[in-house]
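Hi everyone, thanks for coming.

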Amino acid sequence: MLSRRIIPCLDVREGRVVKGVRFRDHVDMGDIETLASRYRDEGADELVFYDISASPEGRAVDVRWVERVARVLDIPFCVAGGIRDVESARRILHAGADKISVNSPALERPALIAELAEAFGVQCVVVGIDSLRDDDRVWRVRQYTGSPDRTVALPKPTLEWVVDVVALGAGEIVLNCMGSDGVRTGYDIEQLTAVRAVCPVPLVASGGAGAAGHFVDVFRDADVDAALAASIFHSGALAIPELKRQLRAQNIEVRDVD
Amino acid sequence: MSRVVLIDSGGCNIGSVRYALQRLGCEAPLTRDPELIRAAERVILPGVGAAGPAMQTLRDAGLIELVRALSQPLLGVCVGMQILFEHSEEGDVECLGLLPGRVRKLPSSEGVRVPHMGWNRLRVEAASTLLDGVDSGDWAYFVHSYGVQASDAAIASCEHGESFVAVAQRGHIAGAQFHPERSAAVGARVLANFIA
């Protein structure tokens with residue numbers, strides 16, 4: 001049986017891992033390869049690297065660190081940030097990333113998703129969605145969230161965008177629930193459940209993990225395929241082996257750690 | 001002469017496979033040169049993407065008959081494994097026909113998402129040197145939407161909604177549907193067994 005994946009997310013800015021609260025106030029967390037190797041050794045199932053400065057600055061990911069990570073890692077990893085055409089995606093995949101994730105550029109030009117799926121296969125194409133509930137209770141997508149000054153609220157309802165991107169060729173969706181991101185009060189089960197209902201491809205929960213029980217809840221109640229988290233792992237508040245022990249105790253299938 | 005070569009089939013996991021071999025102390029060049037491929041002791045055919053483009057790349061490089069005629073151990077990975085079979089439903093493509101079986105779209109159903117993406121357990125079906133040290137229940141990393149439901153050449157299987165071939169081998173021809181280059185210690189073991 002396919003296991004549920006635990007995915008530490010490493011936000012990268014200028015070649016270093018950083019972490020902010022509610023996408024703001026970024027703090028240096030350390031060196032990319034060191035953190036990547038540490039999480040691999042602890043039993044992370046996959047890693048996601050978001051180059052959070054790339055998209056707002058209109059530039060693509062620097063592939064040199066991607067290649068360095070690919071040399072040391074023997075688990076899969078996904079790279080996101082500023083990928084706006086097939087060529088920049090190809091450079092990242094050829095540098096050794098297993099998947100590329102697009103977010104703001106896919107909102108600018110949805111055909112990008114189809115072009116990437118055509119060029120590399122749907123299994124390489126992850127669509128990241130930053131979503132927030134508006135005053136009228138509708139979840140809608142946000143763009144350019146890597147930079148608070150440039151973040152834009154779009155009229156597109158999140159559930160519609162999920163259906164659109166799957167039809168275009170998304171092989172996986174990472175849903176960043178911005179209302180719960182960084183505040184450690186648990187994943188947004190209500191929103192993730194709603195997205196799960198319209199999402200036939202793998203769904204990754206992001207935003208809000210503050211305790212092992214939050215992972216149990218999101219797997220059991222929202223039926224997501226993977227759970228992504230950052231600060232809870234970076235701060236040392238929860239170690240992956242302990243998290244996996246607790247998940248297994250709740251009969252949630254996770255990969256054993258050697 | 002290189003002991004191990006990687007055929008440049010245009011797939012995007014080529015770098016990862018090369019780095020995985022480097023971690024095992026093996027420097028394998030990436031090539032479409034027929035002489036280098038013929039002269040190698042071991043040949044790896046990586047692949048990510050679709051069967052059609054992978055076959056077309058081999059055809060354009062004039063490597064179809066060469067790969068069919070290889071007598072040294074050959075390992076296909078993911079799509080590189082799929083094109084070793086007879087036919088792929090993905091684009092309705094005739095493949096190399098080196099292994100018995102046909103590649104079909106994985107069926108999705110309630111709770112069974114396609115692509116099959118993530119870590120799943122292997123079930124070892126037959127003893128082999130390729131899977132020496134790999135046991136039923138060991139975890140491997142898969143990312144694919146197509147697979148071979150059954151083959152006489154299966155030596156390990158996996159289950160996602162239904163059973164499919166995880167590793168196949170017949171004589172000197174072998175293939176892994178999962179990604180050994182991204183399957184931590186289990187993947188390293190399979191690659192080490194192949195190049196030993």
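Let's begin just after α6(A), where A:Gly169 takes a positive phi of about 125°. Before going on, some housekeeping: this is a predicted model, where local features need pLDDT of at least 70, side-chain atom pairs count only at pLDDT 80 or more, and totals for chains, interfaces and linings use all residues. Residues are numbered from 1 along each chain as its sequence is written, chains are lettered from A and ligands numbered from 1 in the order in which they are written, and side-chain values use heavy atoms, with hydrogens and water left out.

Now the helix itself. Helices here are DSSP runs of H or I with at least four residues, strands are runs of E with at least two, and both are numbered from the N terminus. Buried means under 20% relative accessible area, exposed means over 50%, and partly exposed is in between, using a 1.4 Å probe and protein chains only. In α6 of chain A, residues 158-168, the buried residues are A:Thr158, A:Trp161, A:Val162, A:Val165 and A:Val166. They cover an arc of only 130° around the axis (taken from the directions from the helix axis to the C-beta atoms), which puts them on the same side of α6(A). Why does such a spacing work? An α-helix has 3.6 residues a turn, so residues three or four places apart point the same way.

Over in chain B, helix α3 (residues 51-60) buries B:Ala51, B:Ala54, B:Met55, B:Thr57 and B:Leu58. Those buried residues fall within an arc of 155° seen down the axis, so they line one face of α3(B). On the face turned away from that buried side, you'll find the exposed B:Pro53 and B:Asp60.

On to charges. How many salt bridges are there over all chains? Counting a side-chain nitrogen of Lys or Arg within 4 Å of a carboxyl oxygen of Asp or Glu, the total is 37. Take A:Arg5 and A:Glu172, whose side chains meet at 2.8 Å, N to O. A:Arg5 sits in strand β1 (5-13) and A:Glu172 in strand β10 (172-177) of chain A, so this pair ties together parts 167 residues apart in sequence. Both A:Arg5 and A:Glu172 are buried.

Next, A:Arg84 and A:Glu108 form a salt bridge, with their closest N and O atoms 2.9 Å apart. Here A:Arg84 is partly exposed at 26% relative accessible area, and A:Glu108 is partly exposed at 39%.

Finally, one network of salt bridges links A:Arg4, A:Arg196, A:Asp223, A:Asp225 and B:Arg113. Happy to take questions!
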